[in-house]
Amino acid sequence: MDMNPVTTALIAVFVAVVLIPIIVTRFLTNVESGTIRLVSWLRGETKIYKGPGKAIEVPIFTVGTSIPAKAINIDLDITDQTADRDQRGTPAPIKVRVQASAIVSVGDTEELIKTAANRFFSKPEEEQQSTLTDLLSSAGRRAVNLLTHDQLFSAEPEDVARNAAVVPVGQDDGEAENDDPLAIIIKKACSRELHDLGLEFKSLNIKVVQSEVAEARRRQRAVEAQANADIVVAEQQRRAKEAQLAAERAISDNQRDLEKTRADNAALVAAAEASKQRALAEQRKAELFATQIAQANADADQARIAAQAQADSEAIHLRTVADAQAEAIRKVNEAMAAGGEAYVRLRQVEMLPQIAADVTDALKSARMFTLSGGGDGGAAAGTVSQVTDVIKTVLALQAVGQVMPVQPKAGDGSVAPEPPQPQPVRVRPGTTG
């Protein structure tokens with residue numbers, strides 16, 4: 001029977017779209033990421049497929065199973081005693097608590113994968129967890145029993161948390177010498193058991209190692225650190241105080257030096273001012289002295305000039321008066337010579353009232369005694385002659401005074417010349433009175 005081409009095409013499309021994917025799906029199995037697929041054939045051959053990928057499986061001829069390839073995290077809390085001994089060798093264990101975190105996974109080789117699938121992953125999940133916990137805990141306790149307290153705390157004091165003690169499985173003993181002793185011992189102690197289960201260590205993280213001794217030491221170190229910090233703070237405060245005192249001392253010294261400098265400068269200024277004042281005083285004194293000297297010299301010159309002028313004036317006055325008096329006397333003498341005795345007698349009569357008192361006083365002062373005897377009139381004639389001479393002299397003086405009277409100058413202290421006093425009549429020796 002011939003088939004319609006359209007029907008043939010539809011059948012072909014159905015086979016390509018539906019049957020072939022179903023057949024391929026039956027022969028190819030998806031292997032997810034983090035999963036390992038083990039496929040066993042009839043002849044005992046086992047194929048291992050690691051996801052993500054596809055595993056070839058033939059229904060009836062193959063048997064397949066999947067195991068997780070992800071890492072398994074196990075938290076450990078171990079409490080046991082250390083292997084410490086006292087100085088006499090007697091055991092003196094110290095109770096220690098260790099908290100760690102171990103990461104294990106299926107081995108990389110086909111043998112380990114098959115062993116893990118048959119011996120470990122064949123168990124229920126709770127039993128798998130407990131098996132790993134017991135295995136690692138027992139290894140940790142054995143490690144604690146083999147180490148001393150100081151070995152457990154062999155790291156630096158600030159690294160008590162032990163957060164970086166990681167032991168990779170692939171490293172040899174030489175590479176692990178720098179790791180934490182506890183992690184090394186735990187790794188060596190349980191690596192064989194893990195290998196028997198088809199597992200291997202990925203890392204071992206020692207989180208915390210605690211003990212009363214370590215806590216006491218920690219507190220002691222904290223106290224010591226606090227004490228050291230206090231000492232450092234006190235030392236810093238002391239140094240700061242010393243620095244402050246030194247700064248204040250330096251400031252005080254500088255201020256003292258400044259005040260001293262100011263005082264010295266003030267003293268210098270005062271000394272300079274005093275010197276200036278002394279110089280000014282000397283200058284004023286010299287100027288005053290020069291002024292006084294100049295004034296004295298000027299006064300002296302003026303006085304000398306005035307005295308010289310006064311002296312010259314007086315000399316001229318005296319010469320003039322003397323010349324006038326001489327001229328008057330000359331004229332009186334000429335008049336007397338021309339008039340003779342008659343002129344004298346006439347003048348005597350005219351001047352008798354004026355000169356009577358003077359003559360009387362002169363005669364009184366003369367204390368004359370009239371004595372008679374002698375051929376020429378005796379003593380009487382001599383006395384009369386003397387009186388006549390006195391009268392002549394007085395007349396002459398009166399005439400001169402009338403011709404050129406001498407008056408004193410007002411205010412110059414000069415005094416008019418006194419008229420000549422009549423000379424007393426002396427008695428000749430040998431006479432009697």
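In β7, Ile-103 is the bridge partner of Asn-73, a pairing that belongs to a predicted model in which local features need pLDDT of at least 70, side-chain atom pairs count only at pLDDT 80 or more, and totals for chains, interfaces and linings use all residues. Residues are numbered from 1 along each chain as its sequence is written, and side-chain values use heavy atoms, with hydrogens and water left out. The secondary structure of the protein chain comes to 7 helices and 8 strands, where helices (H or I, at least four residues) and strands (E, at least two) are DSSP runs numbered from the N terminus.

**The chain as a whole**

- Of the 433 residues in the protein chain, 21% are buried, a term that stands for under 20% relative accessible area, with exposed meaning over 50% and partly exposed the range in between (1.4 Å probe, protein chains only).
- The protein chain exposes about 29,400 Å², of which carbon and sulfur atoms supply 56%; accessible areas come from the Shrake-Rupley method with a 1.4 Å probe, and for residues only the protein chains shown count as cover.
- When contacts between residues at least 6 apart in sequence are taken in the protein chain, 68% of them join residues at least 24 apart, with contact meaning heavy atoms within 4.5 Å.

**The sheet β6-β7-β8**

- An open sheet of 3 strands has the order β6-β7-β8 with antiparallel pairing, and two strands are said to pair if DSSP finds at least two bridges between them.
- The edges of this sheet are β6 (72-81) and β8 (199-211), and because each has a single partner strand, one side of each is left without a neighbour in the sheet.
- From one strand to the next, the twist averages 20°; axes are lines fitted to C-alpha atoms, for helices over the stretch in contact, and angles run from 0 to 180 degrees between N-to-C directions.
- β6 and strand β7 (residues 95-106) pair in the antiparallel sense over 10 bridges, and Leu-76 has Ala-100 in β7 as its bridge partner.
- On the β8 side, 11 bridges join β7 to β8, the two strands running antiparallel, and Ser-101 has Asn-205 in β8 as its bridge partner.
- Helix α5 (residues 181-196) lies across β7 and β8, and the helix runs at about 145° to β8.
- Within strand β8 is the place of Glu-200, a residue that is buried with a relative accessible area of 18%.
- The side chain of Glu-200 makes a polar contact with the side chain of Lys-202 at 3.4 Å, a polar contact being a pair of N or O atoms within 3.5 Å, of which, within protein, one must be able to donate a hydrogen and the other to accept it, while residues adjacent in sequence count only if both atoms are side-chain atoms.

**The sheet β3-β2-β5**

- Another open sheet of 3 strands has the order β3-β2-β5, with antiparallel pairing.
- Here β3 (46-50) and β5 (62-68) stand at the edges, and since each has a single partner strand, one side of each is left without a neighbour in the sheet.
- The twist of this sheet averages 20° from one strand to the next.
- Strand β2 (residues 35-41) and β5 pair in the antiparallel sense over 7 bridges, and Trp-41 has Thr-62 in β5 as its bridge partner.
- Helix α2 (residues 110-120) lies across β2, β3 and β5, running at about 95° to β3.

**The cis peptide bond**

- Most peptide bonds are trans.
- Gly-51 and Pro-52 are joined by a cis peptide bond, with omega at about 0°, and Pro-52 is found in the loop between β3 and β4 (53-56).

- Gln-128 lies in helix α3 (residues 125-146) and counts as buried at 12% relative accessibility.
- If its neighbours within four places in sequence are left aside, Gln-128 is in contact with Phe-120, Phe-121 and Lys-123.
- The count of aromatic pairs comes to 1, by a rule in which rings of Phe, Tyr and Trp (its six-membered ring) pair if their centres lie within 6.5 Å, with planes under 30 degrees apart counted as stacked, over 60 as edge-to-face and the rest as tilted.
- Phe-120 and Phe-121 form an edge-to-face aromatic pair, with 5.1 Å centre to centre and 85° between the planes.
- Phe-120 counts as buried at 1% relative accessibility, and Phe-121 is buried with a relative accessible area of 14%.
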